[in-house]
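In this notebook I record what I looked up in one structure.

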Amino acid sequence: MKLFLDTGNIRDIEAYCAIGIIDGVTTNPSLMAREEGDPRAITKRICEIVRGPVSAEVLATDAEGMIREGRDLAAIDPHVVIKVPFGKAGVQACKALREDGIGVNVTLVFTPAQALLAAKAGASFVSPFVGRLDDVATDGMELVAQIVEIYENYGYQTEIIVASVRHPMHVVQAARLGAHICTCPAAVIEALFKHPLTDVGIERFLRDWAAAKGARP
Ligand code: G3P
């Protein structure tokens, strides 16, 4: 499973890309609004760092506006993927941008029917928001399971990005279901590394070595 970072923060992107486990980045207007500086320059810099798909979201709400904005964003860098919100306008824009050869991520997907329509429009990626469903007492990962089943039934090439990820178990569940990608805030990536027994184990190895040899290596 590919891991994307769900952030517009350059420092976090640099730090986790340096480790070698990040395959792409997703941003959205809420995330970009937190960052200082020109959003186009930030998007370009993210592309230079990650060298994988980087989702940049349109702000337009009509299909024509989304297509215009999408073409403009796509000109920033070949790695840019245009994120369009699900809806009639978003699906129409997805179809048109894909015909231009531009990658599209259909976002704000909350039902399997929406994911089916995104795939039919040729979306490169679809983003079901699991955390926001969990927030309203609906099983977000069940949505992912249904999308995986539907896409497998028909061989759709659209890659599933599990989004709105809140904790490490979302990542584990996404991988068990066979989702292609999980996009995570930096805090969730950080949590994936942690286990107290790993820390205790390292400390014990070093202590045992020091006790036997008189000094740490
Ligand atoms: O990728 C979409 C994601 O950023 C939404 O996350 O936590 O705002 O529901 P959240």
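**Entry 1: The shell around the ligand**

I sorted the residues of the shell around the ligand by type and found two nonpolar, two polar and four charged. I note at the outset that the model is predicted.

I then listed the residues around the ligand by name: Asp6, Asn28, Lys83, Phe129, Arg132, Ala163, Ser164 and Arg166. Of these, Phe129 and Ala163 belong to the nonpolar class, whereas Asn28 and Ser164 belong to the polar class. Asp6, Lys83, Arg132 and Arg166 count as charged.

**Entry 2: Polar contacts and cover**

I next asked which distances separate polar side-chain atoms from oxygen atoms of the ligand. For Asp6, I read a distance of 2.6 Å between a polar side-chain atom and a ligand oxygen. For Arg166, the corresponding distance from a polar side-chain atom to an oxygen atom of the ligand is 2.7 Å. In Asn28, a side-chain N or O atom lies 3.1 Å from an oxygen atom of the ligand.

I also looked up how far the protein covers the ligand: 81% of the 310 Å² of accessible area that the ligand has on its own. The ligand takes up the space of the largest pocket.

**Entry 3: The cysteines**

A disulfide requires two cysteine sulfur atoms within 2.5 Å. The closest cysteine sulfur to that of Cys47 is in Cys17, at 11 Å, so the two are too far apart for a bond. The sulfur of Cys184 has its closest cysteine sulfur in Cys182, and because the distance is 4.0 Å, this pair is also too far apart for a bond.

Conventions: Residues numbered from 1 in each chain as written. Predicted model: local features only at pLDDT ≥ 70, side-chain atom pairs only at ≥ 80, totals over all residues. Heavy atoms only, no water. Near = heavy atom within 4 Å. Polar contact = N/O pair within 3.5 Å; in protein donor to acceptor, adjacent residues only side chain to side chain. Areas by Shrake-Rupley, 256 points an atom, 1.4 Å probe, with all protein chains shown as cover. 1 Å grid on protein atoms, 1.4 Å probe; cavity = no way out; pocket = protein on both sides within 12 Å on 5 of 7 lines; lining within 4 Å. Sits in = over half its atoms within 2 Å of the grid points.
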